[in-house]
Each structure stands twice: as C-alpha cells, then as structure tokens.
Amino acid sequence: MHEAIDRILVSEEVIGHRIDVLAGKIMEGGVDDLMIVVLLKGAMVFGADLFRRMPVRLDLECMNISSYHGGMKSSGEVKFLDVGMPDFLGKRVIVVDDIFDTGLTMEAVCGVIKGAGASSVESCVLLAKDKERGVEYTPDYVGFTIGDEFVVGYGLDYKGKYRNLPYVGVLREDVI
Ligand code: PRP
C-alpha cells in the first residue's frame with residue numbers, strides 16, 4: 001500500500017471481479033451500435049478495464065470533462081474541454097465515469113449526448129457516493145456504493161496525483 005494511503009476501500013481484485021459483472025450486464029442490454037464514452041481523466045483506468053471485457057464490435061470515444069479542477073469538492077461547474085464532439089447519432093451510448101458524486105457531471109454529459117441524437121444514453125460508474133443530491137439523475141450501472149468520503153486511486157486523483165494506484169483508497173489526513 002502507498003504510504004499516503006490510510007486504508008484500501010476497494011482492492012484491485014474486488015474491482016476486477018465487479019467489472020466482469022458490469023461488462024456482462026452492459027452487453028446483455030444489446031451490442032448493436034454500441035458506443036463507449038470514457039470521461040477523462042478519471043475514468044481512463046476503469047474504462048480501459050471495462051471495454052476490454054467487452055469483446056464486441058463497438059465505438060470507443062473519450063470526452064475531456066472537468067468539474068473538480070484538482071480539488072476535493074465539485075466546483076459545481078461542468079466544463080467540456082474538447083473542441084469537437086464525437087458523432088453520437090443513432091448510437092447506444094454508455095458513458096463511463098470513475099465516480100458519481102454530486103451527479104452534475106453525468107447529468108450534464110448525458111443530456112448533451114442525448115441532445116446530439118444518440119438513440120439511448122446510459123451511464124456506468126465505478127463508484128457512487130451514498131448521499132443526498134440536488135440532481136434527479138441515477139446511474140444505470142454502479143460498481144460500488146461508498147460513503148461520502150474523499151477517495152483516490154484507480155483513476156481518481158488528489159491534485160492530479162494517485163490516479164495510478166491500482167486500488168481505491170482513502171488518503172491519510174495529514175497528506176491533505
Ligand atoms: C471528477 C470525476 C467525475 C466527476 C464526478 O472529475 O472524475 O467525472 O468529478 O463528480 P460529480 O458527480 O460531482 O460531477 P474531475 O473534475 O475531478 O476531473 P478528472 O476526471 O480529470 O479527475
């Protein structure tokens with residue numbers, strides 16, 4: 001375990017088993033015109049492990065979205081950082097993200113993709129925080145529900161660091 005980590009919340013092994021299940025469920029929903037959209041940067045690790053368990057014909061896209069701007073709380077402002085947009089027309093789109101916190105990011109992204117002509121838009125998140133939210137939106141596929149605490153690893157960062165840790169963990173308080 002990395003010295004900055006207080007405790008591991010979800011191990012690499014447990015994550016792997018859960019992703020097997022999530023990939024299976026997504027494919028059960030149909031693989032025609034399937035498009036996986038990975039939200040950068042946080043979902044790059046989860047997304048790569050998820051779509052490699054889906055050996056079907058699919059389109060893969062990434063979108064660069066930011067709402068935390070490196071800190072510990074959502075800024076409340078969802079920024080679309082890409083210049084252009086993928087072509088979503090007629091696609092069954094699965095938006096993949098590492099964590100569902102306030103829900104603002106996923107609600108905004110799914111709204112934009114639906115508005116761009118996707119035939120359906122679903123979401124798959126590795127982690128969902130168990131908390132009250134201002135948004136009505138609920139993710140379609142959830143890996144793990146966690147408490148309302150700040151976590152890093154497996155794609156999740158604190159000030160840009162710790163994304164490379166292979167597990168989800170809680171930072172030691174004195175590191176923050
Ligand atoms: C984080 C995370 C999600 C989003 C979730 O992204 O990766 O995309 O915030 O928060 P929300 O449910 O409150 O909207 P961040 O802005 O930190 O960018 P990153 O993916 O590059 O780390």
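**Shell composition.** I sorted the residues of the shell around the ligand in this predicted model and got six nonpolar, seven polar and six charged. I then looked for the nearest of the 19 residues around the ligand and noted S67, D97, D98, T102 and T105.

**Where the shell comes from.** I checked which elements supply at least two residues of the shell: they are β3 (59-66), β5 (92-100) and α3 (104-115). I recorded β5 as the element that gives the most, with four residues.

I looked up the side chain of D98 and found one of its polar atoms 2.6 Å from an oxygen atom of the ligand.

**Sheet.** I traced an open sheet of six strands with mixed pairing, in the order β4-β3-β2-β5-β6-β7. I marked β4 (79-80) and β7 (141-146) as the edge strands, each pairing on one side only. I followed β6 (residues 120-129) to β7 and found the two parallel, joined by five bridges. I looked up C124 and found that its bridge partner in β7 is Y141.

**Helices on the sheet.** I placed helix α1 (residues 12-28) across β5, β6 and β7, at about 145° to β7. I placed helix α2 (residues 44-51) on the sheet too, where it touches β2 (34-40), β3, β5 and β6. I noted about 160° between the directions of α2 and β2.

Conventions:
Residues numbered from 1 in each chain as written. Predicted model: local features only at pLDDT ≥ 70, side-chain atom pairs only at ≥ 80, totals over all residues. Heavy atoms only, no water. Near = heavy atom within 4 Å. Polar contact = N/O pair within 3.5 Å; in protein donor to acceptor, adjacent residues only side chain to side chain. Nonpolar A, V, L, I, M, F, W, Y, C, P; charged D, E, K, R; others polar. Pairing = 2+ DSSP bridges. Contact = heavy atoms within 4.5 Å. Axes fitted to C-alpha atoms, helices over the stretch in contact; angles between N-to-C directions.
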